[in-house]
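Let's take a walk through a protein structure together. Have the sequence and the 3D view open, and find each residue as we come to it.

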Amino acid sequence: MNDLLRKYRWQFSGMVAHLIQRITGLLLLVYLFLHVRTVHALAEGPAAFDHAVSTFSNPFFKLLEIALLGAVILHALNGVRITLLDLGLAHNRQRQLFWAWSIGVGAVIFLAGAIPMFLFAVLK
Amino acid sequence: MRTYQVKVTRSTGIATYTVELEDRMTVLDVLFRIQWNQDSSLNFRCACRVGMCGTCAMSINRVPRLACKTRALLLDSSVIALAPLPNLPVIKDLVVSLEPFFEQWKKIRPSLNAADSAQLAVIPEDPDVSRKRDCITCGICYAACGIKATHKDYLGPAAINKAFLRIHDPRDRITKERLRVLNDEWSGVWRCHTQFNCTAACPKGIDLTDTIVRLKRSLLA
């Protein structure tokens, strides 16, 4: 009987996907401002740019880079899922699409990128 | 028999009751048991008791459901939290007013606008949409909708589903007017962000998000 309830809870994965898309979207927006601001330092010369980039060389920002990778992957894969749904494709498979595609495939890509980043950037 | 702690969000605050139930009993049975044995002042609404009328819709453990169709055992919790449906004004205790729901319903002009009254007796066969006719206007999709919670003008899934049925009815003559209402930037189908909450919560299993997505595509065609 608990299986029935789990199935019911599982049905609300669309809301989970929506929240993930919103939260990662806002995080990427914050990153975008930071990115543009850093690149803008080029206009002030190489020294200013080097100084701006050096801010991000400590391990804390390397960890944030790993988090950024996760946000980009989740946002991109879930965006593909939403596009497919809007096109009327895989509509009755939206839950599986979220868990298998956005989370499952996303986790594989994330680990493939995050492990080397952690080993060679954070622990170096 | 199992013992449950029932927390009811009443107009006066949260009231807690302890109730013993058999495994086959529903949340509606819980409410009747409380009303008969512990607190006769508890207000709730029900009519058919078999999931046909939608009257006993309420928030059960934070999910809008029909009390008569929800077995306490399946909640997998010894605590049952009951509250009035979200997104609707509370009249008293677990009783809400469906007036805002039907105000949106009216906007899509729900009645069939057929050219000839002789046509009315024949319901066209359309297996593609027949399941969507099962709506009992319980308001659960309206309460579950995350968009409805923040956009009071949004039509809501049930009204959109009704419009969809009319648009797909070959007898109906005011498709353009219905589509105009549905195409509204703030209250129409474009407000839907495919959260699938309405589909997940609908006690009749209607794929309301599918309805909305199909209407979006119709409007773009």
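Are Asp93(B) and Arg10(B) buried or exposed? Both Asp93(B) and Arg10(B) are buried, where buried means under 20% relative accessible area, exposed means over 50%, and partly exposed is in between (1.4 Å probe, protein chains only).

Before we go on, a word on how to read the model. This is a predicted model, in which local features need pLDDT of at least 70 and side-chain atom pairs count only at pLDDT 80 or more, while totals for chains, interfaces and linings use all residues. Residues are numbered from 1 along each chain as its sequence is written, chains are lettered from A and ligands numbered from 1 in the order in which they are written, and side-chain values use heavy atoms, with hydrogens and water left out.

Now back to Arg10(B). The side chains of Asp93(B) and Arg10(B) meet in a salt bridge (3.0 Å, N to O); the term stands for a side-chain nitrogen of Lys or Arg within 4 Å of a carboxyl oxygen of Asp or Glu. Asp93(B) lies in the loop between β6 and β7 of chain B and Arg10(B) in strand β1, so the pair ties together parts that are 83 residues apart in sequence. Helices (H or I, at least four residues) and strands (E, at least two) are DSSP runs, numbered from the N terminus.

Arg10(B) also forms a salt bridge with Asp39(B), at 2.6 Å from N to O. Because Asp39(B) sits in the loop between α1 and β3 of chain B, this pair links parts 29 residues apart in sequence. Asp39(B) counts as buried at 16% relative accessibility, and Arg10(B) does so at 13%. A search of the whole structure finds 13 salt bridges over all chains. Another of them joins Asp134(B) to Arg131(B), with the closest N and O atoms 3.8 Å apart. Here Asp134(B) is partly exposed at 35%, and Arg131(B) is partly exposed at 48%.

Strand β1 of chain B has a partner: 9 bridges join it to strand β2, and the two run antiparallel. Strands pair if DSSP finds at least two bridges between them. β1(B) and β2(B) form a hairpin with 2 residues between them, and Arg2(B) stands opposite Leu21(B).

Next, look at helix α5 of chain B, residues 157–167, where 10 of the 11 residues are buried. Its cover includes α2, α3, α4, α6, α7 and α8 of chain B. Among the buried residues of α5(B) are Asn161(B), Phe164(B) and Leu165(B). These three are also among the residues that Lys132(B) touches, contact meaning heavy atoms within 4.5 Å. Lys132(B) is itself buried, at 5% relative accessibility.

Finally, where do the chains meet? In all, 21 residues of chain B are in contact with 20 residues of chain A. The two chains bury about 1800 Å² between them, 58% of it on carbon and sulfur atoms; buried area is the accessible area (1.4 Å probe) that two parts lose on being put together, summed over both. On the side of chain B, Leu74(B), Phe196(B) and Ala200(B) lose the most area, together 31% of what that side buries.

Definitions and conventions
Lists of a residue's contacts leave out its neighbours within four places in sequence.
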